[in-house]
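Colleague: Could you walk me through this model before I set anything up? I'd like the overall layout, and then a few particular residues.

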Amino acid sequence: MSDDPHPVPPPEDAFRPHTYDGIREYDKRLPNWWLWTFYLTIIFSVAYWFYYFTTRVGPEDRVAIARELSRIEAAKLAATSTLNDDTLWQMSRNPKFVDSGQATFATNCAVCHNVKLTGGIGPNLLDQQWIHGGRPTEIYQTVTGGVPAKGMPTWGPVLGVTKITEVVAFVLSHHTPGEPVIPVPSPTPGAAPAPPAVAP
């Protein structure tokens, strides 16, 4: 079998009619993979716009950024080895700590202090009157060590440092840094309640 001495040359690709600076463009169809990628990006952009900007199902940018910054700050605060008043106040302004603390409070503390912190068997935690100290570290020590003489359990071995920190952050979230702390004596069982203290 011999080769054809006069092979037929392959057909030449057609050119588009325009020319730019002497450069001509082939009139060829784009490959399927490129076209499907292009079509899918169009579909994705329409779905993205509908999800985030038309139906508002997805979170807004500023909400997502605030949530991520809060998560980063919570991770940094959780990793700190220094637990002082300033750190506890910062935790009380972080939603992650406050939400976790609220759940722990509702499970363990609400039976005495009420789920709304208004008091019952235990004292009111919303006012500025404190029996065992109202500074953040003092509240932390009270929760950790408890007040066995008054029936408050020692929560340190039960909850651990992390959960106690979150509970204190939840309580402090209802207060403002720098607000007056009014010391009041511990009530005696069976005695008439002491009159409310008045801030100067």
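This is a predicted model: local features need pLDDT of at least 70, side-chain atom pairs count only at pLDDT 80 or more; totals for chains, interfaces and linings use all residues.

Colleague: Fine. How many helices and strands are there, and in what order do the elements run?

Modeller: The protein has 7 helices and 4 strands, where helices (H or I, at least four residues) and strands (E, at least two) are DSSP runs numbered from the N terminus. From the N terminus on, the order is β-β-α-α-α-α-α-β-α-α-β.

Colleague: And what percentage of the residues is buried?

Modeller: Of the 200 residues, 25% are buried, where buried means under 20% relative accessible area, exposed means over 50%, and partly exposed is in between, with a 1.4 Å probe and protein chains only.

Colleague: Let's go to His175. Where is it, and is it buried or exposed?

Modeller: His175 sits in the loop between helix 7 (156–172) and strand 4 (182–183), and because its relative accessible area is 3%, His175 counts as buried.

Colleague: What does the side chain of His175 pair with?

Modeller: A polar atom of the His175 side chain lies 2.7 Å from the backbone oxygen of Leu125, and a polar contact of 2.5 Å joins the side chains of His175 and Glu179. A polar contact here is a pair of N or O atoms within 3.5 Å; within protein, one must be able to donate a hydrogen and the other to accept it, and residues adjacent in sequence count only if both atoms are side-chain atoms. Not counting residues up to four places away in sequence, His175 also touches Trp89, Arg93, Leu125, Leu126, Asp127 and Trp130, contact meaning heavy atoms within 4.5 Å.

Colleague: Now the charges. How many salt bridges does the search find?

Modeller: The search of the whole structure finds 6 salt bridges, each being a side-chain nitrogen of Lys or Arg within 4 Å of a carboxyl oxygen of Asp or Glu.

Colleague: Which partner does Glu68 have, and how far apart are the closest N and O atoms?

Modeller: Glu68 forms its salt bridge with Arg71, the closest N and O atoms being 2.6 Å apart. Because they are 3 residues apart in helix 2, Glu68 and Arg71 are separated by about one helical turn. Elsewhere, salt bridges that share partners join Arg16, Glu25 and Asp27 into one network, and within it the side chains of Glu25 and Arg16 meet at 3.7 Å, N to O.

Colleague: What about Glu60?

Modeller: The side chain of Glu60 meets that of Arg62 in a salt bridge at 2.9 Å, N to O; Glu60 is partly exposed at 32%, whereas Arg62 is exposed at 63%.

Methods. Residues are numbered from 1 along each chain as its sequence is written. Side-chain values use heavy atoms; hydrogens and water are left out.
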